[in-house]
There are 6 protein chains.
Amino acid sequence: MAVVDRTTQRADPSHVHTLAMFSVATIHEALGRTGLMEPRLRPVFRGVRIAGTALTCEVAPGDNSSIHIAGDVAQPGDLLVVTPTSACDDGYFGELLATHMVARGVVAVVIDAGVRDVTDLTNMSFPVWSSAISARGTVKETPGNVQVPIVCAGVAVSPGDIVIADDDGVVVVAREDALDVIVECRVREAKENVHRKLLVSGEGTLDLFGLRQKFLDAGLRDIAD
Amino acid sequence: MAVVDRTTQRADPSHVHTLAMFSVATIHEALGRTGLMEPRLRPVFRGVRIAGTALTCEVAPGDNSSIHIAGDVAQPGDLLVVTPTSACDDGYFGELLATHMVARGVVAVVIDAGVRDVTDLTNMSFPVWSSAISARGTVKETPGNVQVPIVCAGVAVSPGDIVIADDDGVVVVAREDALDVIVECRVREAKENVHRKLLVSGEGTLDLFGLRQKFLDAGLRDIAD
Amino acid sequence: MAVVDRTTQRADPSHVHTLAMFSVATIHEALGRTGLMEPRLRPVFRGVRIAGTALTCEVAPGDNSSIHIAGDVAQPGDLLVVTPTSACDDGYFGELLATHMVARGVVAVVIDAGVRDVTDLTNMSFPVWSSAISARGTVKETPGNVQVPIVCAGVAVSPGDIVIADDDGVVVVAREDALDVIVECRVREAKENVHRKLLVSGEGTLDLFGLRQKFLDAGLRDIAD
Amino acid sequence: MAVVDRTTQRADPSHVHTLAMFSVATIHEALGRTGLMEPRLRPVFRGVRIAGTALTCEVAPGDNSSIHIAGDVAQPGDLLVVTPTSACDDGYFGELLATHMVARGVVAVVIDAGVRDVTDLTNMSFPVWSSAISARGTVKETPGNVQVPIVCAGVAVSPGDIVIADDDGVVVVAREDALDVIVECRVREAKENVHRKLLVSGEGTLDLFGLRQKFLDAGLRDIAD
Amino acid sequence: MAVVDRTTQRADPSHVHTLAMFSVATIHEALGRTGLMEPRLRPVFRGVRIAGTALTCEVAPGDNSSIHIAGDVAQPGDLLVVTPTSACDDGYFGELLATHMVARGVVAVVIDAGVRDVTDLTNMSFPVWSSAISARGTVKETPGNVQVPIVCAGVAVSPGDIVIADDDGVVVVAREDALDVIVECRVREAKENVHRKLLVSGEGTLDLFGLRQKFLDAGLRDIAD
Amino acid sequence: MAVVDRTTQRADPSHVHTLAMFSVATIHEALGRTGLMEPRLRPVFRGVRIAGTALTCEVAPGDNSSIHIAGDVAQPGDLLVVTPTSACDDGYFGELLATHMVARGVVAVVIDAGVRDVTDLTNMSFPVWSSAISARGTVKETPGNVQVPIVCAGVAVSPGDIVIADDDGVVVVAREDALDVIVECRVREAKENVHRKLLVSGEGTLDLFGLRQKFLDAGLRDIAD
């Protein structure tokens with residue numbers, strides 16, 4: 001009863017590349033504090049920020065069949081997003097599958113489950129965000145849905161959406177919202193640059209953000225010497 | 001109803017600097033195995049040991065107002081200790097606030113909640129111990145108490161106490177106990193140096209610590225060939 | 001009522017050395033997907049793969065007496081496996097004990113509890129897999145069983161079994177199964193080498209593993225343009 | 001920036017009432033093993049099965065503003081579904097709000113967060129499924145979205161969908177799928193009734209479900225006396 | 001190095017009895033949303049609300065020595081509060097100790113660890129709040145501090161403070177704050193009684209609490225038909 | 001590669017029945033504080049104590065094939081013990097399988113995974129201890145080992161061992177140790193009966209267990225008025 005849909009329309013590559021210039025924290029703010037996956041997703045190795053178009057798949061517990069199907073559908077620039085139909089720590093993805101994904105142009109993997117071969121993944125510099133690390137392998141018996149809308153680590157993801165990941169976590173931008181989000185991110189970064197300079201020069205955030213009177217009005221009692 | 005108290009007396013800086021010479025494990029032993037925060041607090045990056053005087057604040061879930069107030073109260077040598085009034089993984093603290101704290105002389109942050117911009121914090125070498133990493137930001141609506149006694153990760157902390165943190169965790173020394181703890185730490189380190197040499201030379205811990213007969217007396221049955 | 005058994009027969013060292021050539025993931029597959037400890041066991045530092053013969057001990061909560069007894073029994077090539085009789089995060093093992101274990105030829109520690117002095121352990125390059133890091137020390141009051149069959153992180157371990165650990169986790173091979181497992185690992189590695197080359201050249205896993213028709217037969221619906 | 005949408009079309013009441021006749025387990029099977037919320041959602045008291053149309057809302061951590069807005073939108077037969085924008089155990093919902101919801105005809109509450117006044121809720125027989133129980137109250141500062149599509153405990157829920165809950169958990173049926181699911185549930189129940197009688201009479205499941213040969217073919221080795 | 005202090009001054013019994021008339025949720029609100037223990041503390045059986053004066057003790061992991069010392073210090077009306085020095089699920093307290101505590105007039109137990117004999121405790125109607133249930137017993141080797149200030153489940157508790165517990169959790173009122181808290185609780189209950197009647201009569205909370213305009217001002221967009 | 005072994009020798013039924021007279025806590029003490037499963041195993045309903053001979057099986061994640069095989073092997077008096085090869089919360093066991101097990105004389109189920117139909121199981125009074133409740137069903141694709149030695153919730157269990165479960169948890173007694181354990185349990189119960197009477201009469205545990213001087217010797221400082 002599983003489905004693989006090969007007709008997915010990907011987000012505009014220029015949107016993807018532009019979003020990769022902003023941190024996940026900034027994009028999440030620009031989205032009105034939405035779209036962020038649960039913090040249990042952590043990078044296998046640190047120091048990478050990457051963006052891609054969501055290649056979605058659902059896997060049965062202990063069974064990575066859908067990842068193999070996803071590999072068959074993958075296009076360069078895709079970022080594989082994997083969610084188990086019930087919670088599972090097993091190692092669904094390792095070095096061999098990463099080799100395959102690299103050959104197909106997949107830029108990274110986000111999985112709300114376990115991965116393995118993390119030494120190899122690190123040496124290959126293939127970026128993976130996962131909720132567990134486990135050598136326990138999986139079987140290939142039950143195909144699941146590929147390229148259908150899914151929920152991964154608390155966020156709804158549609159095929160072709162834009163996924164951005166860095167050391168702080170993983171955020172999802174709907175394909176149709178990309179331009180608005182980019183504009184909002186630019187505004188925020190510009191503002192932050194001004195703030196950063198003032199903070200370095202010694203200015204305080206209470207005054208910079210106009211919080212001093214606001215907090216006193218809210219009942220803050222200030223006990224000085 | 002929140003309070004910020006600007007009259008806090010800090011611990012003697014020479015005590016702070018001296019305590020930074022001992023590991024958290026040694027200080028915790030010297031305290032009679034007390035004062036250690038729950039192990040869910042982990043450093044954002046490894047390899048640092050630091051000590052400072054506790055600048056305490058309580059934050060509402062998803063609201064970092066008190067951290068801004070704390071920045072206004074901060075003095076060089078302070079170490080910011082943040083506890084949420086209810087458990088929350090959100091990213092209360094990031095690069096902009098770290099820039100502010102550095103400008104004010106704050107030496108590190110200990111927070112029983114989430115932080116973000118961890119790549120930047122690492123590049124800045126600003127030490128942070130937290131219970132989570134999350135890009136999810138917070139609002140600035142509800143001021144909480146600053147520089148009042150708090151409970152953070154299971155330990156009672158008073159403003160001006162000494163906080164020491166390293167890769168093993170975070171420990172708190174009451175301002176008035178500092179000298180006694182330093183003396184006890186020195187005794188322990190001297191003893192450990194002797195033990196280390198004997199162990200390297202091949203001596204066993206059963207004999208070194210006088211445990212062999214003690215364990216036999218406690219009923220240990222030794223099955224030899 | 002505790003026992004220490006000094007009569008343990010160790011696995012053949014050549015089996016140990018050979019098994020260290022395979023990844024934990026491969027060995028776990030070769031064992032028919034058994035023998036893997038729970039993924040809560042993580043290395044204190046990454047990048048090491050090691051194998052040794054199991055030197056088993058049970059510790060009471062907050063009491064590391066048995067580890068001292070184990071040190072007295074240790075032989076070069078042993079790998080210390082520690083399980084608490086009830087779950088405990090305390091730091092049972094640190095730099096002093098590591099110094100002792102190195103002097104006795106113990107190659108690594110696997111412990112379903114906490115360790116401390118992780119900076120030192122890392123600098124010493126002494127490999128440790130643990131379920132927690134905590135500066136909280138332990139007492140030396142109650143001896144537990146040493147070199148008896150135990151259950152550690154969900155796996156039954158007998159003294160003298162072979163334990164292999166890497167960045168993916170920890171796996172146990174019964175002494176008498178070592179040869180069979182080695183043969184099976186070699187077969188798997190040979191097969192994987194062939195697969196890797198084909199995947200690099202662009203072949204897909206659906207065809208390589210004969211999954212395409214199998215999944216269609218299982219009801220997969222393929223929606224093409 | 002929050003939205004409350006009063007134009008939601010509810011599912012057909014006859015569909016809701018019919019689905020309440022089937023267990024959550026049966027409906028989940030009929031949905032092809034989808035639509036089930038994470039098992040962390042547990043009933044405040046046991047023994048109830050109920051169905052209603054989803055009245056969705058998002059709450060900020062420690063802030064139940066949206067529940068008050070939802071009460072304003074509620075229609076008889078609605079079932080309130082609440083998801084926090086970041087994980088929070090606080091007691092968002094208690095006896096006073098339950099009294100309000102009863103007055104508005106809301107049949108139950110499903111919330112991936114904490115509730116309080118559980119003694120009162122039990123005495124009122126107002127059914128609640130929650131992920132925590134906590135006396136810690138919330139503030140009413142920040143309105144969130146009401147009657148928009150949300151993700152609750154891992155499942156996407158649209159306003160007007162049908163939610164069914166019992167002692168086993170909570171499942172969601174899309175408004176447009178209701179009839180198909182009802183038909184499938186009836187088929188399953190009929191089959192189960194036949195199976196139950198045969199099992200009571202002593203028949204085994206290996207033969208009843210045709211598993212004996214299937215498992216032998218899959219490599220099961222049967223060791224008899 | 002442990003201490004037992006027999007000089008503790010208990011709170012005024014009339015304050016204790018009066019506070020038992022209010023729910024934990026109400027008291028927690030009256031305290032300005034402070035003083036509530038972590039929600040991991042749950043009642044062994046439901047349906048009881050009780051208050052007593054804190055008889056505090058610290059226990060080593062897997063060792064209930066301090067509880068025996070506390071029994072020696074207990075006075076009628078005391079409520080035993082137990083915190084482990086490191087997290088432990090073991091069953092520190094069971095039917096025999098409950099029999100002893102009843103004989104000494106102790107009214108209940110709050111423990112951030114495990115208990116056992118829960119069938120007996122339920123049949124005896126001896127109220128216990130714990131963070132775990134486990135048959136695993138403890139030893140009696142290491143005395144810990146009794147009747148000293150402790151931190152239990154995130155809250156600082158001093159000997160003689162007032163502890164109130166019900167199905168929603170456990171809250172602590174400092175001895176000197178009791179009268180103020182009682183007054184505030186009475187005000188809150190009176191207000192809630194008025195609200196309850198209006199809610200039953202069909203009034204909404206948006207109007208009752210003056211939230212409608214506040215939320216619109218905060219940016220809520222109301223989409224009507 | 002799975003095995004089902006029909007040659008298991010069961011424990012002596014008189015041993016099983018006698019052990020059912022003692023609490024899990026008492027048996028666990030009699031075993032020298034061993035043999036107890038992790039406290040995550042909880043009864044679906046309270047108030048039952050039961051004993052049976054272990055009918056062991058391993059299940060793949062999300063697959064209950066082995067339970068069907070176990071039903072085929074079951075003999076009256078067996079107690080089904082199920083462990084997943086990797087952690088899984090799915091509902092492996094429900095009302096239909098319980099009906100089957102009752103028909104075969106199986107007395108209870110212990111499973112380190114999820115179960116469903118808990119309302120029915122309660123109404124049938126069929127006792128189940130599990131680590132989760134979930135409506136999420138499983139498939140019947142991959143047979144696992146039945147009647148082989150397993151590790152369940154941290155304890156090694158061999159087919160034919162005696163399993164005792166009550167509201168405090170689950171304990172395992174090796175077939176060959178049954179008589180010794182029964183004798184030790186009787187001694188303990190006799191001693192406890194004496195203690196209970198003395199405690200009811202007001203005697204303290206410090207004197208009853210000879211702890212007063214022991215604790216003073218261990219350094220307890222007693223501060224009296």
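Reply: A residue is called buried under 20% relative accessible area, exposed over 50%, and partly exposed in between. Please keep in mind that this is a predicted model.

Me: Where does Asn193(A) sit in the chain, and what does its side chain make a polar contact with?
Reply: Asn193(A) belongs to helix H6 of chain A, which covers residues 178–200, and its side chain is in polar contact with the side chain of Arg196(A) at 2.9 Å.

Me: Which residues does Arg136(B) touch?
Reply: Leaving aside residues up to four places away in sequence, Arg136(B) touches His28(A), Leu36(A) and Met37(A) in chain A, Asp90(B), Gly91(B) and Arg116(B) in chain B, and Thr85(D) and Ser86(D) in chain D.

Me: Let's do interfaces. How many residues do chain E and chain D put into their contact, and how much area do they bury?
Reply: Chain E contributes 34 residues and chain D contributes 36 residues. Between them the two chains bury about 3,200 Å², with 54% of that area on carbon and sulfur atoms.

Me: And how many salt bridges and polar contacts are found there?
Reply: The interface of chain E and chain D has five salt bridges, and 18 residue pairs are in polar contact across it, counting pairs with both residues at pLDDT 80 or more. One of the salt bridges joins the side chains of Glu95(D) and Arg196(E), with an N to O distance of 2.5 Å.

Me: Which elements of chain E give two or more residues to that side?
Reply: On the side of chain E that touches chain D, these elements are helix H2 (24–30), helix H6 (178–200), helix H7 (205–208), helix H8 (212–217) and strand S11 (221–223). The largest share, five residues, comes from H6(E). By class, this side of chain E has 14 nonpolar, six polar and 14 charged residues.

Me: What does S11(E) pair with?
Reply: S11(E) is joined by three bridges to strand S1 of chain D, residues 3–5, and the two strands run parallel. Within that pairing, Asp5(D) has Ile223(E) as its bridge partner.

Me: Now chain A with chain C: what are the contact numbers?
Reply: In that contact, 36 residues of chain A meet 35 residues of chain C, and the two chains bury about 3,100 Å² between them, 54% of it on carbon and sulfur atoms. Five salt bridges are found across the interface of chain A and chain C, among them the one between the side chains of Arg212(C) and Asp72(A), at 2.9 Å from N to O.

Me: Which strands are bridged between those two chains?
Reply: S1(A) and strand S11 of chain C, residues 221–223, run parallel and are joined by three bridges, with Ile223(C) as the bridge partner of Asp5(A).

Me: What about chain C and chain D, how far apart are they?
Reply: No contact joins chain C and chain D, and their closest C-alpha atoms lie 13 Å apart. Chain B and chain F do not touch either, and their nearest C-alpha atoms are 13 Å apart.

Me: Last one, helix H4 of chain F: how many of its residues are buried, and what do they pack against?
Reply: In H4(F), residues 95–104, eight of the 10 residues are buried, including Leu96(F), Leu97(F) and Met101(F). The buried residues pack against helix H6 (178–200) and helix H7 (205–208) of chain D, and also against helix H3 (65–73), strand S4 (78–84) and helix H5 (118–124) of chain F. Just after H4(F) comes Gly105(F), which takes a positive phi of about 90 degrees.

Technical notes:
Residues are numbered from 1 along each chain as its sequence is written. Chains are lettered from A and ligands numbered from 1 in the order in which they are written. This is a predicted model: local features need pLDDT of at least 70, side-chain atom pairs count only at pLDDT 80 or more; totals for chains, interfaces and linings use all residues. Side-chain values use heavy atoms; hydrogens and water are left out. Helices (H or I, at least four residues) and strands (E, at least two) are DSSP runs, numbered from the N terminus. A polar contact is a pair of N or O atoms within 3.5 Å; within protein, one must be able to donate a hydrogen and the other to accept it, and residues adjacent in sequence count only if both atoms are side-chain atoms. Contact means heavy atoms within 4.5 Å. Buried area is the accessible area (1.4 Å probe) that two parts lose on being put together, summed over both. A salt bridge is a side-chain nitrogen of Lys or Arg within 4 Å of a carboxyl oxygen of Asp or Glu. Ala, Val, Leu, Ile, Met, Phe, Trp, Tyr, Cys and Pro count as nonpolar, Asp, Glu, Lys and Arg as charged, and the others, Gly among them, as polar. Two strands pair if DSSP finds at least two bridges between them. Buried means under 20% relative accessible area, exposed over 50%, partly exposed in between (1.4 Å probe, protein chains only).
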